[in-house]
Amino acid sequence: MSRAEAKPTRVISNRTTVTQRVVEIWRYRELLVGLVRKELKVKYKNSALGFFWSMANPALYLGVFYLVFQLVLKNGIPYFAIYLLSGLLVWNLFSTGLAAATGSIVTNSAIVKKVSFPREILALAAVGASLIHFFLQGCVLLIALVGFRYVPSPTFMLLIPVALVALLLLASALGVMLAAVNVYARDTQHLLELVLLAWFWMTPIVYQYRLVADRLGENAWLYRLNPVTPIVLTFQRAIYNQTDPVGPAGLRIGVLPADAGPLWYLTQLLIVAGVSLVLLALALKLFGRVEGNFAEEL
């Protein structure tokens, strides 16, 4: 028997269940780790500064937004650098992971056409690489915390892992779904750039949540239909750790939900995580139905 005959054959079938696809992804977990490493190496290939560029991104945004919102528009939020970075790092993880995942199948068309493996791993690897960048960018936040001698909330910090899992589930679900759609409709990745730009400004990162929620009153829950908002709020509550800080004029500024305790944040996160799990199951189902024609479309 030849080596080719001895090697197990992977059959692509649109009848594959979601559970089978998850098991298949787990079988190829070492490949997933390898692809994450490849994503990082390719991104900084021939770069003299390497991972420094990951930290330069939030530092540059911090400088620009501090100039515009703190000095020019005078939003009055004390320790604006801490507040901004708490939400900006979350957004960077979500947006860069989702954008890279959407183009992952097309970008790796040579591998997709020649090698048999669960192709959704390419999208998951893109999200995984963004997670590594998130931790690197966290160094900028850590430097800011040390520089300002700022202390996060120990109680709400316990919710950070839950928020991170919810964010990864959301990015993975949308990433797998859009990666499959992008093979057939290449405008998807260009449209996503516009959607992410609008999505960023609909999320309370450079302005305070209460600025919008207080105007909506009892309908503030509508603002939290944006699934990234509860995750950003959790990071801000844990790291920024102030709901109504005192501004330069001695007046209190409503920043985060005033009376919300850890249980309120946990409930919001579990809702996002639950919806993301359902989306991920649907995304895997969709991916399985359309991946059979990837080679022809690529």
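Biologist: Which residues lie nearest the centre of the second largest pocket?

Modeller: Bear in mind that this is a predicted model, where local features need pLDDT of at least 70, side-chain atom pairs count only at pLDDT 80 or more, and totals for chains, interfaces and linings use all residues. Residues are numbered from 1 along each chain as its sequence is written, and side-chain values use heavy atoms, with hydrogens and water left out. A pocket here is an open set of points on a 1 Å grid over the protein atoms alone, where a 1.4 Å probe fits, with protein on both sides within 12 Å along at least five of seven lines, and lining residues have an atom within 4 Å of a point. The second largest pocket has 20 lining residues, and those nearest its centre are Ile25, Leu32, Leu124, Ser172 and Leu280.

Biologist: Which elements give two or more residues to that lining of the second largest pocket?

Modeller: Helices are DSSP runs (H or I, at least four residues), numbered from the N terminus. The elements giving two or more residues to the lining of the second largest pocket are helix H2 (18–27), H3, H8, H10 and helix H14 (262–290).

Biologist: And by class, how many residues of that lining are nonpolar?

Modeller: Ala, Val, Leu, Ile, Met, Phe, Trp, Tyr, Cys and Pro count as nonpolar, Asp, Glu, Lys and Arg as charged, and the others, Gly among them, as polar. In the lining of the second largest pocket, two residues are polar and one is charged, while the nonpolar ones number 17.

Biologist: How much space lies in the largest pocket?

Modeller: For scale, the second largest pocket holds about 480 Å³. The largest pocket holds about 760 Å³.

Biologist: Which helix gives the largest share of the lining of the largest pocket?

Modeller: The lining has 33 residues, with Lys43, Thr96, Ala99, Ala100 and Ser130 the closest to the centre of the pocket. By class it splits into 18 nonpolar, twelve polar and three charged residues. At least two residues come from each of helix H3 (29–43), helix H4 (52–72), H5, helix H6 (104–107), helix H8 (120–148) and H11. The largest share, eight residues, belongs to H5.

Biologist: At what angle do helix H5 and helix H11 pack?

Modeller: Axes are lines fitted to C-alpha atoms, over the stretch in contact for helices, and angles run from 0 to 180 degrees between N-to-C directions. The axes of H5 (residues 80–102) and H11 (residues 187–201) are 10 Å apart, and the angle is about 170 degrees. That makes the pair roughly antiparallel (over 145 degrees), so the value to remember is about 170 degrees.

Biologist: How many charged residues are in the contact of H5 with H11, by class?

Modeller: Contact means heavy atoms within 4.5 Å. H5 puts in Leu88, Trp91, Phe94, Ser95, Leu98, Ala99 and Thr102, and H11 brings Thr188, Gln189, Leu192, Leu196, Trp199 and Phe200. Nine of these are nonpolar and four polar, and the number of charged ones is none.

Biologist: Which residues of H10 meet H8?

Modeller: H8 and H10 pack at about 145 degrees, with axes 9 Å apart. From H8 come Glu120, Ala123, Leu124, Val127, Leu131, Phe134 and Phe135, and they meet, in H10, Leu164, Leu168, Ala171, Ser172, Gly175, Val176 and Ala179.

Terms used: Parallel < 35°, antiparallel > 145°, perpendicular 65-115°, else oblique. Points joined across faces, edges and corners; volume = space filled by probe spheres on them.
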